[in-house]
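Subject: Structure for your review

Dear colleague,

Please find below the structure that I am handing over to you. I would be grateful if you would look through it together with the notes that follow.

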Amino acid sequence: MHEVSLMTNVLELVAQEMEKHKVTKLQSITVRYGVLSNIVEDSLRFAFDVLTKDSEFAGAKLNLVKEELTLSCRFCSHTFTTTEKNYFFLPCPNCGEEGCFELVKGEGIFLDRIEAEE
């Protein structure tokens, strides 16, 4: 379950940012993750709950935003979203060329927002 290590890293970033901005009470965080990151949302929530339960982050809320796969065709520059994770042989819906796409969104995990108070 790589979600525990991912959430551990996210919470370390949160702690650093809170210290930097001199705030002490975490209210919520928003985490964006792409469909290609193979994150199980329930596992990520569980990791957050376990890691924050008896910590300085107890009571904070976790907001998760799942990013769809967004691709840009290298032939015609058409940008589109798809649910097809195996996009390598997918034809462009605009020009029909296959598999030559730039990944715009849909992978990785990002700490998007921190809400905290003094």
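E17 and K20 form a salt bridge, in which the closest N and O atoms are 3.7 Å apart. Both residues belong to helix α1, which covers residues 2-20. They are three residues apart, about one turn of the helix. With a relative accessible area of 56%, K20 is exposed, whereas E17 is partly exposed at 31% relative accessibility. Please bear in mind that this is a predicted model, and that every value here was computed from it.

E67 makes a salt bridge with R32, and here the closest N and O atoms are 2.2 Å apart. E67 is in strand β2 (residues 61-67) and R32 is in strand β1, so this pair ties together parts that lie 35 residues apart in sequence. Are these two residues buried or partly exposed? E67 counts as buried, because its relative accessibility is 9% and the cut-off for buried is under 20%. R32, with a relative accessible area of 23%, is partly exposed.

R32 also forms a salt bridge with D112, with 3.2 Å between the closest N and O atoms. D112 is found in strand β6 (residues 109-117) and R32 in strand β1, so the pair links parts that are 80 residues apart in sequence. D112 is partly exposed, at 44% relative accessibility. Through the partners that these salt bridges share, R32, E67 and D112 are joined into one network.

I would also draw your attention to S37. Where does S37 lie? Its place is in the loop between β1 (25-34) and α2 (41-52). S37 counts as buried because its relative accessibility is 18%, and buried means under 20%. Which residues is S37 in contact with, once its neighbours within four places in sequence are left aside? They are H2, G106 and G108.

After that, you could turn to S37 in its loop and locate H2, G106 and G108 in contact with it.

Yours sincerely,
A colleague

Key: Residues are numbered from 1 along each chain as its sequence is written. This is a predicted model: local features need pLDDT of at least 70, side-chain atom pairs count only at pLDDT 80 or more; totals for chains, interfaces and linings use all residues. Side-chain values use heavy atoms; hydrogens and water are left out. Helices (H or I, at least four residues) and strands (E, at least two) are DSSP runs, numbered from the N terminus. Buried means under 20% relative accessible area, exposed over 50%, partly exposed in between (1.4 Å probe, protein chains only). Contact means heavy atoms within 4.5 Å. A salt bridge is a side-chain nitrogen of Lys or Arg within 4 Å of a carboxyl oxygen of Asp or Glu.
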